[in-house]
Amino acid sequence: MPIKLHDSLSRETRELRPSQPDGVFRFYNCGPTVYAPAHIGNFRTFVVNDVLRRLLELEFGQAKVRHVRNLTDVDDKTIRRAREEGRPLAEVTKQWTAKFHADCQALNCLAPHDEPTATGHIREQVDMIDVLMKKGNAYRAADGSVYFKVSSFPGYGHLSRVHERELQPGSALAGKVHAADADEKEDVSDFALWKAHKADDGNNAWDSPWGRGRPGWHIECSAMSKKLLGDTIDLHTGGVDLLFPHHENEIAQSECCNGVPFAKHWYHSEHLLVDGKKMSKSLGNLYTLDELVAKGFSPMAVRYTLLMGHPRKQLNFTLDSLHAAESALKSLRSFRNTLQTTAGSTTPGKGAKDFALVIPTLEDDLNTPGAFGALFRELNQIHSTGLFPAHAAELLIEFDKILFALGLDLAAPVPAAKSAPAEITTLAEKRWAAKQAKDFAAADALRKELAAAGWTMLDRKDGYSLEPLKK
RNA sequence: GGCGCGGUAGCCAAGUGGUAAGGCCGAGGUCUGCAAAACCUCUAUGCGCCGGUUCAAUUCCGGCCCGCGCCUCCA
């Protein structure tokens, strides 16, 4: 079944298919700026793109998907961070790149096939700017910066419908408040391709035909996409906030330089809200993966939570939803164990249609909550009708395919139980002894004592474990 | 002000012109000395409000109310 995905440019849901004769599907996902830990809003986009990547692999074959995600390692924020910490830029970005990779791995995201960096592709960016200069789409301003001339590209604004917008009085552009370099530009809409060196940049500058400086933000994606995937790619993705101006500017640069359409398909995932509001430092509702893990949640529950809402709708993230995710994962784990136990070493049967709707639901515009619904509906159905070994063996294969598509690793570590203090283990030992002696009255009294101290005992045949009481 | 998205059970959240998936929580039950786990059952005559179209609307159309996002370097 073909994968259908909403296209931000045409505003239609269209089939995804490779456009090149080699049958390789090429997609570019705008990656993070590495100057701080990414927050879970960032990860919503990367997790959604990861599900997409997995579906593409299932559809076209593992070898027929090429996934590129960049790392922005030179811009205002990274340079400012390095300056504030008195460290070289490369050291700062290396640190946060490593952290980003660790978080991605914890969230079970497949690594992109290429992860190019802006500083690693200065020459490609300069070359591209050079072409734009020669074609008359760019100009060098008095300060040595190079700007893209928006009026030279008639297609500008189609993606974001920028022409249909009215500027809010007092907005940055209308008031030129933020446009520190506005005087250098011919038009406020023009954007920087090359930024002339300033004192604040320190030694983070490169030579170019227009003098020392550094690339503007937008050009890196155009240049690296061209180098690694070609002039026309099959899909370009990112968060909604990148739709304008970032992606609009990428289209302008790439199409003016290459003379062919930039991306066949555009996809934007919506924002994650926290307690009904966009995450922001000022509201204090910004979460990183580490903070959630510190609260006792597993990274897999975070991943599950990020997939609980439709990717093109704002998703309201709460701690309650993390609890829900943790419980849901537990059910899935338990179900898989049942399948495994029942199946044993039986040869899988053929023809079961139990999970037939899950992947197709996912393939219909990445309807992750719909897919979870279909999954649990089937799961309940199977529970109530019972299982034969051959059936279970077959279902196990299907179930694992679904887990792969969603990127849920049920074997991933769950939060380690806190170890109990000595007085608790003493009580527990006493209770266990009482139970073995069948002194149930004493055992029950000790259970109550433990509960009062905030602990519960989970009995097994051969022993017990201790867990802190929930709430 | 402009552009866009949304308002579905206590919470989260799919979906459809023909009478509401699923998860969490909660209640009852089976099973276990107890507890936990697992499994079973139950939980919106209702889908922001008011009109309209229709045999039939939560789903289409119009108006209104409320919320959220974006409006030049934030995933």
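Helices (H or I, at least four residues) and strands (E, at least two) are DSSP runs, numbered from the N terminus. Residues are numbered from 1 along each chain as its sequence is written, and side-chain values use heavy atoms, with hydrogens and water left out. The model is predicted: local features need pLDDT of at least 70, side-chain atom pairs count only at pLDDT 80 or more, and totals for chains, interfaces and linings use all residues.

Start with the loops. K438 sits in the loop between α14 (422–436) and α15 (440–452). Its phi is near 60°, a positive value in a residue other than glycine. K438 has 62% relative accessibility, so it counts as exposed. Here buried means under 20% relative accessible area, exposed over 50%, and partly exposed in between (1.4 Å probe, protein chains only). D365 lies in the loop between α11 (358–363) and α12 (368–385). The phi of D365 is near 60°, again positive in a residue other than glycine. D365 counts as buried, because its relative accessibility is 5%.

Now turn to the sheet. Strands of a sheet pair through backbone hydrogen bonds, either parallel or antiparallel. In this open sheet, 4 strands run in the order β4-β3-β9-β10, with parallel pairing. Two strands pair if DSSP finds at least two bridges between them. The edge strands, β4 (65–69) and β10 (266–269), each pair on one side only. Neighbouring strands are turned by 20° against each other on average, direction ignored. Strand β3 (residues 25–29) pairs with β4 in the parallel sense over 5 bridges. F25 has V65 in β4 as its bridge partner.

Helix α7 (residues 243–258) touches β9 (235–239) and β10. Contact means heavy atoms within 4.5 Å. The direction of α7 makes about 155° with that of β9. Axes are lines fitted to C-alpha atoms, for helices over the stretch in contact, and angles run from 0 to 180 degrees between N-to-C directions. Helix α7 also holds P245. A cis peptide bond joins F244 and P245, with omega about 0°.

Last come the cores. A nonpolar core is a set of buried Ala, Val, Leu, Ile, Met, Phe, Trp, Tyr and Cys residues joined through side-chain atoms within 4.5 Å. The largest has 78 residues, of which Y304, L332, F355, F399 and L408 touch the most other members. This core lies between domain 1 (4–269) and domain 2 (273–406), because both give residues to it. Domain bounds come from an automatic or database domain assignment. Another core, of 34 residues, lies apart from it and includes I122, C221, L242 and C256.

Conventions:
Chains lettered and ligands numbered in written order.
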